[in-house]
Each structure stands twice: as C-alpha cells, then as structure tokens.
Amino acid sequence: MKLQDSMALSCLKAVQQAYKNRAQVEAQAAKMDQVLLQRHQHKVMLARVDAIKNAARIEALHQREMDDTKLRDHLYHMHEQERKNMLATLKRKEQSKKKTKEFKQYKQFMTDFCCQNASLSKALARHDRRTIKEDMTSAAQDKVSMLRDSNIRSQRTVQEYQDFVKTETTSEAQ
C-alpha cells in the first residue's frame with residue numbers, strides 16, 4: 001500500500017510540484033517583468049532627466065547668447081555714446097579755439113586801429129600845425145610883400161612928385 005500510496009501520491013505530488021514550479025516560474029516571470037518594467041522606467045526617467053538637462057543646457061546657452069548679445073549691444077551703445085561725447089567735446093574745443101582766435105584777432109585789430117588812429121591823429125595835428133604855420137608865414141610874407149609894394153609905390157609917388165616939383169620949378173625958372 002505504501003507503494004500504491006506513494007504512486008498515487010506521486011502523481012499528485014508531481015501535479016503539486018508542477019503547480020509549485022508554475023507558481024515559482026510565474027512569480028519569477030512577474031519579478032522579471034517588474035525588473036524589466038523598472039529598468040524601462042529607469043531608462044525613461046534617465047532619458048527625461050537627460051532631456052531636461054539638455055533643455056536646461058540649451059536654455060542656458062540661449063540665455064548666454066542673449067546675454068552676450070545684450071552685453072555687446074550695451075557695449076556698442078556705450079562706445080557709440082562715448083564716441084559722440086568725444087566728438088561733441090572736440091567740436092566744443094574747436095569752437096572755443098575759433099572764438100578765442102577770433103577774439104584775439106579782434107583785439108589785435110582794435111589795438112592796431114587805436115595805434116594807427118593815434119598815429120594818424122598825431123600826423124594830422126602836425127600837418128595842421130605846419131599848415132597853420134605855413135599859412136601864417138605866407139600871410140606874413142604877403143603882408144611884407146604888400147607893405148614893400150606899398151612902400152615902393154609910395155616911394156615912386158614921392159619920387160614922381162619930387163620930379164614933378166623939380167620940373168615945375170625948373171620950368172618956372174626958365
């Protein structure tokens with residue numbers, strides 16, 4: 001009986017063992033599926049992390065490019081403003097130099113004009129004094145000439161009268 005029992009039981013044991021093995025295989029398959037699922041999820045998560053990192057890196061590069069562009073624009077505008085300020089300063093300096101030069105020329109003209117005016121005034125005063133002196137000399141010479149002429153005429157008249165009186169006296173004496 002034992003043998004029979006063991007044979008009858010061996011089928012059951014084999015079925016039971018098959019169920020056990022099947023449960024182990026299913027549990028192992030479930031574990032394997034779980035491991036594969038977790039590996040897949042881990043790979044997906046790593047891919048997402050890589051995608052996020054890449055997106056962040058691309059965004060950082062894009063932000064850096066934008067910052068560089070802004071910085072270049074700002075530096076360009078600063079240099080441009082500095083250049084404009086420098087040009088304006090140079091222009092003001094040139095205008096100041098020009099005005100200073102014009103003022104110096106005007107001042108020199110005024111000085112020269114005053115000197116020439118004073119010199120001309122002195123020359124005209126000398127000329128006027130000379131003219132007055134010459135006029136006075138000429139008037140005196142004219143007076144002297146008139147007096148001389150008058151004296152000569154008076155002397156002639158007296159001479160003619162004396163000659164007349166002489167001829168009259170000689171004619172009466174004859």
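## Salt bridges

A salt bridge here means a side-chain nitrogen of Lys or Arg within 4 Å of a carboxyl oxygen of Asp or Glu. Before going on: this is a predicted model, so local features need pLDDT of at least 70 and side-chain atom pairs count only at pLDDT 80 or more, while totals for chains, interfaces and linings use all residues. Residues are numbered from 1 along each chain as its sequence is written, and side-chain values use heavy atoms, with hydrogens and water left out.

By that rule you get 2 salt bridges. One joins the side chains of Glu80 and Arg83, at 2.4 Å from N to O. Both residues sit in helix H1, 3 residues apart, about one turn of the helix; helices are DSSP runs of H or I with at least four residues, numbered from the N terminus. Arg83 has 42% relative accessibility, so it counts as partly exposed (buried is under 20% relative accessible area, exposed is over 50%, partly exposed is in between, using a 1.4 Å probe and protein chains only).

Arg22 and Glu26 make a salt bridge too, with 3.2 Å from N to O. Arg22 is partly exposed at 47%, and Glu26 is partly exposed at 44%.

## The nonpolar patch

Phe103, Tyr106, Phe109, Met110 and Phe113 make a nonpolar surface patch of about 560 Å². Patch members need over 30% relative accessible area and no salt bridge; like charges are joined within 9 Å, and nonpolar side chains (Val, Leu, Ile, Met, Phe, Trp, Tyr) within 5 Å. The areas come from Shrake-Rupley with a 1.4 Å probe, and for residues only the protein chains shown count as cover.

Phe103 lies in helix H1, which covers residues 2–173. With a relative accessible area of 51%, Phe103 is exposed, whereas Phe113 is partly exposed at 45%.

## The aromatic pair

There's 1 aromatic pair in the structure. Phe109 and Phe113 form it, stacked, with 6.1 Å centre to centre and 25° between the planes. For the cut-offs, rings of Phe, Tyr and Trp (its six-membered ring) pair if their centres lie within 6.5 Å; planes under 30 degrees apart are stacked, over 60 edge-to-face, and the rest tilted. Phe109 and Phe113 are both in helix H1, 4 residues apart, about one turn of the helix.

## The positive patch

Lys122, Arg126, Arg129 and Arg130 form a positive surface patch. Lys and Arg count as positive and Asp and Glu as negative, with His and the chain ends not counted; each charge is placed at NZ of Lys, CZ of Arg, CG of Asp or CD of Glu. Arg130 is in helix H1 and is partly exposed, at 47% relative accessibility.

Key:
Helices (H or I, at least four residues) and strands (E, at least two) are DSSP runs, numbered from the N terminus.
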